[in-house]
Every structure is written in C-alpha cells, then in structure tokens.
Amino acid sequence: MGKLGDILAHPEELLPLIRIYAATKKATQLPEDPKLAFCYDMLNRVSRSFAIVIQQLPNPLRDAICVFYLVLRALDTVEDDMAIDNKVKIPALLAFHESIYDRGFTMQCGYGHYVRLMEHLGTVIDVFLGLEPHFQEVIADITQRMGEGMAEFIQRDVETIADYDLYCHYVAGLVGVGLSQLFASSELESASYARAEVLSNHMGLFLQKTNIIRDYLEDINEEPAPRMFWPHEIWGQYGDSLEDFKQPGNRRQAVQCLNHLVCNALQHLPHCIKYMQGLRDRDVFRFCAIPQIMAIGTLALCYNNGAIFEGVVKLRRGLTARVFDECDGMGELYGWFTQFLQALQEKALLAVDKADPTREILLDLVSSNLQHCESELTRIKSEQPRKLPTQQRLMDASLLLLTGAWFYRAWELGSSSGSSGSSMAGVWGLLDGAGGVLPAGYDGLEKALVLMLLLAAVSRMVLVRLG
C-alpha cells in the first residue's frame, strides 16, 4: 500500500509527518536579503532535510553554518565531477580556500542544482565575506585541509582501513572539526569544543561511513566511472571485485562484506555519544544528534540486508519524522539508540549466518553500547522525569480536540446544529456552515482520513506519556 500503508501501520507517525511538513514549508521562507535568500534557497535544494536543522539554529551561527555547508558542497562538486581532468581538478581543489575570498569566482561544473550553485558561487562568497572574521577563519581553514585531502585521494584508491579512515576524515571528519569550532566560536558551546578534534572526527566518520555503506549501488553505477570507497582490505576478503557484489550469485559474500563494514562503522559510536553528552545548547544538540540517530537507524536497516546491492535502502519517512519531532536531549537520543541497537542485536542473533566472520564482533559492539544506553536512559528517567513543554502539550491537546470534533461530525455521532451540549459538537459547531471538509461524494474517504488522524493523535499522546 506504499505511503498510505505505512501510515495505517504506524499511526503514531502521522502527526510528526505533519509537523515536519510544516517545518519544511517554513524552511522555504527565505530571508529578505537577496544574497542570503540565494544561500538558503540553495541549502534547501541541495541538503534535503539537513536544511531544517540548520535553520533551527540561532544566528549568527545559522548563517555561518549555511555558508560553511555551501562552500564545502561546492568543493565536493569539483571533486565529484568526473568530466574535469585531474590536471585542472587538483589545482582547483588545492586553491579553493583562496578562491572563496574572490567575489567573482565561479566554475562550470557539477550536475543538477550544483550547476547553479557553482555558477553563482560569487553570491555565497559575498555572504561568506560578510561573516564575522572568526567564522571566516574556521571555514577557510577546513576548506584548505579538505581540499588537500581530496586532491590526495584523487590520485590513489582506498586500499587499507587506515586509508578508509583518512579519506573519511578529509571529507567528513573535518566537517565535524569545523562545526565544533563554529559552536565554540559562537559561545553557544564550551570553548573546549574548539579543541575536540578527535571526538569531532568520530562524529564525521560515523556519518560518512554510513553513507558509503548505503550508497554502494549508486556509487558503483556512477558515470562515466565508478567512485568506490569501500576499502580493499575489507572487501578483498569476500570477493575479487566490488562489481561482483551486484551479482545475485555472490549475495552471501556481498552481505558478509556489508556486515563487516557495519561493524567498522559502529566502532565510532561510543565516541559520538561522549561528544553529544557535553553539548549544552538545545538547538546545537538537535543539529548534532538527529543525523547521528538517522545514521544508526540506517545501519540497522542496512545490516545483513542484500537489498543494498539492488536499490536504495532508506528509513521510513514517518520514522524519520519522529526522530526530528522527538529529539530534545540525551534521554531521547539514548532511547533511539537503544531501539536501533536492539534491532541490530535481533538481526545478528536470529537472521545472520553463524558462520559470518564478523557476527560475534558485532554482537560484542552492540552489547557494550546497548548496556551503556539502557543504563543512562534509566538514570535520566529516574532523575529527570520527562516533562513535555507547555507549548507541545497545548498543541497535542488541540490536535486531539480538533480531530475528535471532526471524527464526531464525519461519523455523524451527533448533530452539529442541534442542542447537544457535548464538547465535540461544540467545537465542530465553530466550523459549521463552511460545508464539508472534502467535496460532496467523498464521505467514505473523509471518514477514513479522520479516523487515521484521530488514531495518530491518540497514539502520539500515549507514546509521549509512556516516554
């Protein structure tokens, strides 16, 4: 049944889906300044849901991270464009940190929305040059270090696990380092985060390795030539070629290789938890925690899943919406991590071949992380019982009342124009006279829709109160 079937199977996800839809619409409301408006418009076009968490940050940090993201996406566009000769590409990557001080700088490269970004890069540069100097210094330094790393790996493959970690450091770990420096520079987080390079690097590696694992098929099929980052030291244990993993006859070895890579990624998890434990600003925490939750959820979905070699594997949209909706602190983070670690554990115990070389390693990794998360979650619940913000309680109550009133009317449980004194009839009476919510002849659809909404509202309130 597709998306409708997902909603019917998970009614508690409907309200978060509505809220993330509203947040997405809000993110499209651009600043009045035309140059800033261009930056945020491009952010919405190239970053998908990441744009939402960026735009929930306070300024001036929000603008700095928006520009940081776009500058690095532009650098990445140069690296990814296989049509650019390496004799041109490598010097461009090495000099990119200098080019962002040139107001007229543009490049003709990229695909889709990235063509427009590169053609109008001067607009991003104008906003970059308007940032406070301490923000500019961080962005330029990380751009230089990343450009040098990208240039290095254009000239060689990812052979060893050490290469794998180094490549991921250049393209993602440095992003974590730069973000930490921006957090500290904004004074929203402790100055110690400016020096937390090791933990920041782990945050980036966890996300990047998850993307590399998930994107096997997209990367192996890339034109004009594949760009693969699975390290030979791992995949060479399971096959003669990465291309071979696409073949159904090699599925057992391909899945074992996949499981090995998931184990490798999970080694970063304890360091990511330690990093997030120290954050003190709610918006910064959400900015960091939501992608980490999505990453471990994606790993749980990918683990032992041969569909990786056949198509796109993604978390259910409604589940993603719940992560966005229900992540305000370490309690929620531990709750989500516990859920996905348990899913990994269940797969390893029940679905993975006992001959899988990394099965026991994964079970050990999951067990230690799960024990920590469950222990901390229990402690947080005992010390600080969850209190839903007043605004959220009012919103949930209002939604429940309105959907209840709509249910009352649609299912003809009473007369909206009669003398009934029930609260549901009274609420619907406020809207009476405006006609049906759906056109005439759609009574059955209206009944089904309002039933789904009511179930979602009730499920939401029950789940929140159960913690």
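Student: Is Tyr216 buried or exposed, and what is its relative accessible area?

Tutor: This is a predicted model: local features need pLDDT of at least 70, side-chain atom pairs count only at pLDDT 80 or more, and totals for chains, interfaces and linings use all residues. Residues are numbered from 1 along each chain as its sequence is written, and side-chain values use heavy atoms, with hydrogens and water left out. Buried means under 20% relative accessible area, exposed over 50% and partly exposed in between, with a 1.4 Å probe and protein chains only. Tyr216 is therefore buried, at 0%.

Student: How many aromatic pairs does the structure hold?

Tutor: Rings of Phe, Tyr and Trp (its six-membered ring) pair if their centres lie within 6.5 Å; planes under 30 degrees apart are stacked, over 60 edge-to-face, and the rest tilted. The number of such aromatic pairs in the structure is 13.

Student: How many residues apart in sequence are the parts tied together by Tyr216 and Trp230?

Tutor: Helices (H or I, at least four residues) and strands (E, at least two) are DSSP runs, numbered from the N terminus. Tyr216 lies in helix H12 (residues 216-220). Trp230 sits in the loop between H12 and helix H13 (232-235), so the separation is 14 residues.

Student: Which residue forms an edge-to-face pair with Tyr216?

Tutor: The pair has 5.0 Å centre to centre and 70 degrees between the planes. The partner of Tyr216 is Phe309.

Student: How many residues apart in sequence are the parts that Tyr216 and Phe309 tie together?

Tutor: Tyr216 is in helix H12. Phe309 is in the loop between helix H16 (282-302) and helix H17 (317-325), so the parts are separated by 93 residues.

Student: What is the relative accessibility of Phe309, and is the residue buried or exposed?

Tutor: The cut-off for buried is under 20%. Phe309 counts as buried, at 3%.

Student: Which residue lies over the face of Phe153?

Tutor: Phe153 forms one aromatic cluster with Tyr167, Tyr170 and Phe229. A charge sits over a ring if NZ of Lys or CZ of Arg is within 6 Å of the ring centre and within 35 degrees of the ring normal. At 4.2 Å from the ring centre of Phe153 lies Arg156.

Student: How many residues are in the largest nonpolar core?

Tutor: A nonpolar core is a set of buried Ala, Val, Leu, Ile, Met, Phe, Trp, Tyr and Cys residues joined through side-chain atoms within 4.5 Å. In the largest one, Tyr216, Trp230, Phe245, Leu266 and Met276 have the most contacts inside it. Its residue count is 141.

Student: How many residues are in the other core?

Tutor: Another core lies apart from the largest one. It includes Leu15, Met452, Leu453 and Ala456, and its size in residues is five.

Student: What is the relative accessible area of Asn259?

Tutor: Asn259 is in helix H14 (residues 251-266). Contact means heavy atoms within 4.5 Å. Asn259 touches Tyr303, Asn304, Val352, Asp356 and Thr358, not counting residues up to four places away in sequence. Asn259 is buried, at 0%.

Student: How many residues apart in sequence are the parts tied together by Arg116 and Asp41?

Tutor: A salt bridge is a side-chain nitrogen of Lys or Arg within 4 Å of a carboxyl oxygen of Asp or Glu. Arg116 and Asp41 meet in one at 3.1 Å, N to O. Arg116 lies in helix H7 (residues 113-119) and Asp41 in helix H3 (residues 34-46), so the gap is 75 residues.

Student: Which of the two, Arg116 or Asp41, is buried?

Tutor: Arg116 counts as partly exposed, at 34% relative accessibility. At 16% relative accessible area, the buried residue is Asp41.

Student: Which residues form one network with Arg282?

Tutor: The side chains of Asp328 and Arg282 meet in a salt bridge at 2.6 Å, N to O. Asp328 lies in the loop between H17 and helix H18 (330-350) and Arg282 in helix H16, so the pair ties together parts that are 46 residues apart in sequence. Salt bridges that share partners join Arg282 to Asp283, Arg286 and Asp328.

Student: What percentage of the chain's residues is buried?

Tutor: The chain has 22 helices and zero strands. Of its 467 residues, the buried share is 52%.
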